[in-house]
Amino acid sequence: MSYKTLNIEVDGDGIALVTIDLPGKSMNVWDADLMEEFAKWVDEFVADDNVKGAVITSGKASGFLAGADLNMLGSGSVGKGGKATKEDQFNSAFALNSVLRKLETGGHTAKALTKGEAAAKPVAAAVNGLALGGGLELVLACHHRVVADNPKIQLGVPEVQVGLLPGAGGTQRLPRLAGLQNAAMLATQGKPIDPNTAKGQGIIQEVVPADQVVAKAKEWVKANPKVAQPWDKKGFKFPGGGGAMDPRAAQFFMAANAMAQRETNHNYPAVRYILSCLYEGSIVPMDTAIRIETKYFVKLLSSPQSRNMIRTLFINKQAAEKGEQRPKDVPPSALKKVGVLGAGMMGAGIAYVTAKGGMDVVLLDRDLEYAKKGKGYSEKIVEKGISRGKVTKDKGEALLARITPTTDYNDLKDVDLIIEAVFEDPEVKADVIKKTEAVIGKDIVFASNTSTLPISGLAKNSERPDQFIGIHFFSPVDKMPLVEIIPGDKSGDRSLATALDYVRMIKKTPIVVKDTRGFYTNRVVPPYLGEAMIMVQEGIKPALIENAAKTLGMPVGPLALTDETSLSLGHMLMTSTKKELGKDYKPSGNEELLEKMVVGLGRHGRKSGGGFYEYPEGGKKHLWQGLSEHFPVADEQPSLEETKERLLYAQLIPAAQCYAEGIVFDPQSADLGAIFGWGFAPWTGGPMSHIDTIGLENFVRKAESLAQKYGARFSPPEKFREMAKSGETLYGRKAA
Ligand code: NAI
């Protein structure tokens, strides 16, 4: 039998070396071909008396096996969406589980194995690189597991991050090897661990030098001709307790459930189902346990949460890799050296991510001390990375060597791109643009990181407005994945292509947005934060507001976020908008509170001593008690549900407005911007996806009722009313 995805060599002792090597791919994944061929090989292996055992390894330098091909999940060919019956769905999702079970039992029944009437042929995994999801699950189904000694190798089950669970035995073999607690941590958080940690937890047996993994695995196979997994042996016990009626297990599940409830508010069914798999699976034998796992897996596969999260992953990949919005006829930009102007908070971060992306950076400030301090930011990150073993010393030093601090404009002579992050002052920016254009090449793109000044206005200071564009980062630059790209009214195709190419090189997610006040995210976030402030003014308890937002899946409450971004910034924006718009200014309703907090009480936010919260030195932040003196708590409080709804729609409405007004060009951009820009709950797939999930008609109805109760700011955009009427959807799918 010959295979496309497997290479099989049987040695003189009858030991098969099975090398997984997907043709034309840089990494192995469980795709349809591998699934089919692996199942065939297992059948052959079990039946062929000439083959005594096997070692499974990978032919890729990049790793062992990275899990399931998400294209397959996205297209619904696993667990089939649409018309497939429940039974079809179960069977297709159970396929890999049954193959792996056959591998570990050698095709014998569990009963025969436990009684010692039969034994399986030994199979060892020789793991030379990362093994994630279905990749690790294959490793777990082997009887012996040898991994290369490299702290960078990731072993884990990240499925929860796309709203799924490890559905190829992971929720059953992990607790049987590492105990319930370790398994619960690995599967509900989805974070990978390194080989030595995995060995410490009992998940793998050997960590050996990379060039010995196969030899060591073979050695074990030869020394152990007849085997069975521990759970197929008589008297098996879960490490650390577990199994039917074990009081420690019961205690553990109570605590784990409470924690899941607290941390995710059960917004993620995946976490709940993983715990159910662990619990229900721990009181039955393996053959039943994997069926339980598949049952929950299929439920998740058809849940809107998982569908949304998988889709977000795809849209993000597309935005980052393909760049639908990149003008096609512009050749790829060769960016080797980038000039970053202004080495303050933003410039320093931009310099770091640019150097990390492999480009040289000229970091210019008005004072050499400031420029050096800006580079110091990278030095700190690199030092930390080295001390934690995340970056090698060589790589870290090379990164730093790419950043040159300066005050001399002549150093910008041979750069391929400029990113400006000086003070948010039109005059300072105009001066810097002029000085830079005097030295850089005639065809070099100039990008501004301004957060409030219109790009078209700034471009007026440029001699080459077609090469002028906005590249808007978020703070902290090294952590925030989103970048907004803002073409001005004269920006040409080459500036847009260059900006997109650059963002791809620094591995961030770009969205292209229209040149309007606040662009996209800064149009949506202020009304949301504003709503929380209006609620405080109305006497709603701050703790209720914060809690409601977290229950929605936001990483922090809106009052904490306001403190982070600073109340004075909010106040400044309000004052400047009022001034600019004059009589056209529409009050947001939180003006009184901002005025009182900033001007009256001097509470500016976290960096300047406190805002809605107090930040005691060395202690934990807590809500500021004094607030109720100025904004008394009302006797009657709204329900959690109502508070949640208001905070949700305070994001949905402005996001919908941005889409309706063409500030973002498609629902995908609106959703990516929300998830990666301000932490909109990922399981919703973003605000547009969420509106689709609840249905446009329901969205419009709810928005109208909120508008009646709280004001016109909740009115749904006309375009959405029309879409609801004509039965259209944003992503072209019906409500769940
Ligand atoms: P910052 O005040 O921390 O840094 C500005 C830097 O520019 C300072 O190091 C300053 O010395 C330098 N600078 C000022 N005038 C200069 C000149 N003529 N020539 C050379 N260097 C000069 O400010 P930050 O926060 O880094 O903001 C920079 C830009 O980024 C602004 O346009 C801001 O609106 C924008 N931005 C800020 C965000 C934030 O969260 N702080 C987010 C996104 C954009």
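Biologist: In what order do the 6 strands of the open sheet run?
Modeller: The order is β1-β2-β3-β5-β7-β9, and the pairing is mixed. Two strands are taken to pair if DSSP finds at least two bridges between them. Strands (E, at least two residues) and helices (H or I, at least four) are DSSP runs, numbered from the N terminus. Please note that this is a predicted model, in which local features need pLDDT of at least 70, side-chain atom pairs count only at pLDDT 80 or more, and totals for chains, interfaces and linings use all residues. Residue numbers start from 1 along each chain as its sequence is written.

Biologist: How many bridges join β5 to β7?
Modeller: Strand β5 (residues 123–127) and strand β7 (residues 144–148) run parallel and are joined by 4 bridges. One partner pair is Val127 with Val147 in β7.

Biologist: And which strands does helix α9 lie across?
Modeller: Helix α9 (residues 213–223) lies across β2 (15–20), β3 (53–58), β5, β7 and β9, and runs at about 170 degrees to β5.

Biologist: Next, the sheet with 3 strands: what is its order?
Modeller: This open sheet has the order β4-β6-β8 with parallel pairing. At its edges stand β4 (63–65) and β8 (155–156); each has a single partner strand, so one side of each is left without a neighbour in the sheet. Strand β6 (residues 130–132) is joined to β8 by 2 bridges, and Leu132 has Gly156 as its bridge partner in β8.

Biologist: At about what angle to β6 does helix α5 run?
Modeller: Helix α5 (residues 134–141) runs at about 95 degrees to β6 and lies across β4, β6 and β8.

Biologist: Leu174 next. Which residues does it touch?
Modeller: Leaving out residues up to four places away in sequence, Leu174 touches Leu140, Ala183, Leu186, Ala187 and Ile203. Contact requires that the C-beta atoms of two residues, placed from the backbone, lie within 7 Å. Leu174 itself lies in helix α6 (residues 170–178).

Biologist: Does Leu174 count as buried or exposed?
Modeller: Leu174 counts as buried because it has 26 C-beta neighbours inside 10 Å. A residue is buried if 20 or more other C-beta atoms, placed from the backbone, lie within 10 Å of its own, exposed if 12 or fewer, and partly exposed in between.

Biologist: Where is Tyr409 placed?
Modeller: Tyr409 belongs to the loop between β12 and β13 (417–420). It has 17 C-beta neighbours inside 10 Å and therefore counts as partly exposed. Not counting residues up to four places away in sequence, Tyr409 touches Lys435, Thr436 and Val439.

Biologist: Why is β11 described as largely enclosed?
Modeller: Of the 5 residues of strand β11 (residues 360–364), 4 are buried, so the strand is largely enclosed by the rest of the structure. It runs parallel to strand β10 (residues 337–341), with 5 bridges between them, and Leu341 stands opposite Leu364 in β11. The chain crosses from β10 through α14 to β11 in a right-handed β-α-β crossover; right-handed applies if, with the strands pointing away from the viewer, the path from the first strand over the helix to the second runs clockwise. A further 4 bridges join β11 to the parallel strand β12 (residues 403–406).

Biologist: How many residues surround the ligand, and which are the closest?
Modeller: The ligand is surrounded by 25 residues, the closest being Gly342, Gly344, Met346, Glu424 and Ser475. The elements giving two or more residues to this shell are α14 (345–356) and α17 (426–437). A residue is near a molecule if its C-beta atom, placed from the backbone, lies within 6 Å of it.

Biologist: How do the residues of that shell divide?
Modeller: They divide into 13 nonpolar, 8 polar and 4 charged residues. Ala, Val, Leu, Ile, Met, Phe, Trp, Tyr, Cys and Pro count as nonpolar, Asp, Glu, Lys and Arg as charged, and the others, Gly among them, as polar.

Biologist: Lastly, how many residues of α22 are buried?
Modeller: Helix α22 (residues 558–565) has 6 of its 8 residues buried, Leu559 and Leu561 among them. Just after α22, Ser566 takes a positive phi of about 80 degrees.

Terms used. Axes fitted to C-alpha atoms, helices over the stretch in contact; angles between N-to-C directions.
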